[in-house]
Amino acid sequence: MSVIDLFSGSGSLGLEALSRGADSLTSVDQQSTYIRLQKSWLKQHPGNYAYTGYPITISKYFKHHTENFDLILMDPPYDFQLTGPQWCTLGGRLNPEGFLVYEFASRQPFEMPLAADLQLYTEKRMGDTVLHFYERREG
């Protein structure tokens, strides 16, 4: 399973996927400190991990990289809003049987743009946090 962790921060979501058997992890966060922290964690926990970290914005990442992923993890700052075209890009980077997991605050209204070719699979609520699990829209 190929995983990309966008707005990865400390990397806890992506690194957990890697430790549970993901084949590869791509981590993207514009703060280079977080990418260095993730690399440090991997050095302290040796394994046969396929990890690549990018200290850039997600827009820059997708402008220069064309890979698709089985799992897209997104935990952006709660006040951050992706644009319609950014959602469309994400939908196009998800493998046919893959999932995109998007975390946001329950107080933050959110609706997936129709053009993104993603449909809500399920929703989980935990206090003020909401997780939306999306899959590719059929047809």
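Modeller: A residue is called buried when its relative accessible area is under 20%, exposed when that area is over 50%, and partly exposed in between. Please also keep in mind that this is a predicted model.

Biologist: Okay, then is phenylalanine 104 buried or exposed?
Modeller: Phenylalanine 104 has a relative accessibility of 5%, and because the limit for buried is under 20%, it counts as buried.

Biologist: How many aromatic pairs does the structure hold?
Modeller: There are nine aromatic pairs in the structure. One of them joins tyrosine 61 and phenylalanine 62, whose ring centres lie 5.1 Å apart with the planes at 80 degrees, so this pair is edge-to-face. Both partners are buried, tyrosine 61 with a relative accessible area of 1% and phenylalanine 62 with one of 10%.

Biologist: And what about phenylalanine 104 and phenylalanine 110, what kind of pair do they form?
Modeller: Phenylalanine 104 and phenylalanine 110 form a tilted pair, with 5.3 Å from centre to centre and 45 degrees between the planes. Ring pairs also join these two residues with Trp87 and Tyr102 in a cluster.

Biologist: Let's zoom out to the strands. What order do they have in the sheet?
Modeller: The sheet is open and has seven strands, which follow the order β3-β2-β1-β4-β5-β7-β6 with mixed pairing. At the edges are β3, residues 51–54, and β6, each of which pairs on one side only. On average, and with direction ignored, neighbouring strands of this sheet are turned by 15 degrees against each other.

Biologist: How many residues sit between the strands in the hairpin of β6 and β7?
Modeller: The hairpin of β6 and β7 has two residues between the strands, and in it glycine 127 takes a positive phi near 65 degrees.

Biologist: Now the helices. Which strands does α2 lie across?
Modeller: Helix α2, residues 32–44, lies across β2 and β3 and runs at about 160 degrees to β3. Helix α4, residues 84–92, lies across β1, β4, β5, β6 and β7, and it runs at about 140 degrees to β5.

Biologist: Which residues of α4 are buried?
Modeller: The buried residues of α4 are Gln86, Trp87, Leu90 and Gly91.

Biologist: Changing topic, how many salt bridges does the structure hold?
Modeller: It holds three salt bridges. In one of them the side chains of glutamate 16 and arginine 20 meet, at 2.4 Å from N to O. Glutamate 16 is partly exposed at 37% relative accessibility, whereas arginine 20 is exposed at 68%.

Biologist: And where is the partner of aspartate 128?
Modeller: Aspartate 128 forms a salt bridge with arginine 107, with the closest N and O atoms 2.3 Å apart. This pair links distant parts of the chain, 21 residues apart, since aspartate 128 is in the loop between β6 and β7 while arginine 107 is in the loop between β5 and β6. Aspartate 128 is partly exposed, with a relative accessible area of 33%, and arginine 107 is exposed, with 59%.

Biologist: That leaves arginine 125; what does its side chain meet?
Modeller: The side chain of arginine 125 meets that of glutamate 123 in a salt bridge, at 2.9 Å from N to O. Arginine 125 is exposed, with a relative accessible area of 54%, while glutamate 123 is partly exposed, with 34%.

Definitions and conventions:
Residues numbered from 1 in each chain as written. Predicted model: local features only at pLDDT ≥ 70, side-chain atom pairs only at ≥ 80, totals over all residues. Heavy atoms only, no water. Salt bridge = Lys/Arg side-chain N within 4 Å of Asp/Glu carboxyl O. Buried < 20%, exposed > 50% of the residue type's maximum accessible area, 1.4 Å probe, protein only. Helix = DSSP H or I, 4+ residues; strand = E, 2+ residues; numbered from the N terminus. Phe/Tyr/Trp six-rings, centres within 6.5 Å; stacked < 30°, edge-to-face > 60°. Pairing = 2+ DSSP bridges. Axes fitted to C-alpha atoms, helices over the stretch in contact; angles between N-to-C directions. Contact = heavy atoms within 4.5 Å.
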